[in-house]
Amino acid sequence: MISFLAVMLPAGALFAAAQTAKPGFTVQISPASQSIARGSAAAYTVTITSQNGFAGAVAMTASSLPAATSASFSPATVNVASGASATTALTLSTTSSTPAGASTVEIQGTSGKTAASTTAGLTVNYPLSGSISLSSSPSTVSIAPGSSGVYSLTLSRTNLDGPISLSVVGLPTGVTATFSPNPATGNTSTLQVTASPSAAAGTNTLSIVGSGQDASGKTQYGYANVQLQVLSNGKAFTISGSAASPLAPGVSQPLGLSFSNPNNQGISITNLSVTVMGITRSAAAIAGNLPCTTADFAVVQYSGPYPVSIPSGNSSLSSLAVPGSQWPKLTMLDRPANQDGCKGATIALSYSGSGQGN
C-alpha cells in the first residue's frame, strides 16, 4: 500500500521566494580624521569596494565642508571592477579664512541610482606662531684698525621657512658690517666687521637682529649679542691662503693659511675665519650663460685650539705644526642643479683673524 502525506495550508498563505541582493558598493576612508593648521591641507585615501557583482564608474563628491575649505578627488571618477576595490586621493584644502574647530565632512560615491557614503573628520587649528633664534661663533672678536673679523651665525627656525633679513645695531664709528648671505634662506650666515685705519679703540656690544614672516604672515624677530673689541696698538698682520688642488662637486680641499706679522713681537690669534666672497666664471661659462655662485661652495672653519701663536715675520699653519685635519677647508657642494658654470671658475676668499701682542 502506498500512502501520501498531505500538507494543508491556511487560506491566503504565500510562499516567499529567495530575493537576490542588488549590486552595490561601499565607501571607506583612511585615516578617519585629520588635524591640521589653518591654511594647510589634509590628505585622505578613499576606497570603493564592489558588492554583489557591482561594476561601473563611481563619481565622488564631498559635502558639509567648513567655510573657506575646498575638496578635490584624484581621480574624481573611479572605475570599479566586479568583486574588486579601487581608490582615489581626497585633499581637503583650508585657507587663512577657514574657521578653527572640528567638523565632519560627508564623502559620497554615486553610480546611476546606486550611492554609498562615509564621513571624514577634520580639525582645523590656529597656525602655530613662528620663532627665530640666533647664535654666533665666536661671541667676541678683536680686530686692529684697518683689519676685519668674522662672526659665523647659526639660525634656528620654528614654523618659519622663508628668508630671514639680518641687520646689526651698535657699530662704533669707523666700523662697517657685511652679512653673507643676506637675507639668509638657509640656517647659516656670516657677519664680517671691518675697522677703518682711524677707528677708535674700545669694546662694544653689537646686537644682531634677524627678522622674517611666519606661516600666519606675522613678522618674527631673533637676536644675538656679540662683543667687538677694536685694539689700540700693534700693526695689522695679514693672512693669505689657497687650496692645494682644484675643486669638483663633493670635493673638499684644506686651505693652507700663511701669516705675515710686521710687529717686532709675536701675536696670539684668538679668531680665524674664511669667507667665500665671490666667483669669477670662465669666459666659456659666461658665453653659455652657465651659473656658478657662492651657494655652490661652503667653508669649514679652522677647528684647532686658540690662541694660535704667530711669531714676528712670516709663518704658516704648516710651519706652526698645526695638523692638517684642523685647517679650514673649502668644499664645492654637490648640488642637483647643473654646475658646469663652475668649471674653470676663480673663487675669491676673504681671510680674517684677530689677536693681541704678547
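These legends describe close-up views of a predicted model. Local features need pLDDT of at least 70, side-chain atom pairs count only at pLDDT 80 or more, and totals for chains, interfaces and linings use all residues. Residues are numbered from 1 along each chain as its sequence is written, and side-chain values use heavy atoms, without hydrogens or water.

**View A. The largest pocket holds about 570 Å³ of space.** A pocket is an open set of points on a 1 Å grid over the protein atoms alone, where a 1.4 Å probe fits, with protein on both sides within 12 Å along at least five of seven lines. Its volume is the space filled by probe spheres set on the points.

**View B. The lining of the largest pocket has 21 residues.** Lining residues have an atom within 4 Å of a point. Closest to the centre are Ser180, Pro181, Thr188, Phe297 and Ala298. Strand 12 (148-158), strand 15 (188-195), strand 21 (267-280) and strand 22 (297-300) each give two or more residues. Strands are DSSP runs of E, at least two residues; helices are runs of H or I, at least four.

**View C. Cys292 and Cys342 form a disulfide.** The S-S torsion is about 100°, so the disulfide is right-handed.

View D. Cys292 is buried at 8% relative accessibility, and Cys342 is buried at 9%. Buried means under 20% relative accessible area (1.4 Å probe, protein chains only).

Key: A disulfide is a pair of cysteine sulfur atoms within 2.5 Å. Buried means under 20% relative accessible area, exposed over 50%, partly exposed in between (1.4 Å probe, protein chains only).
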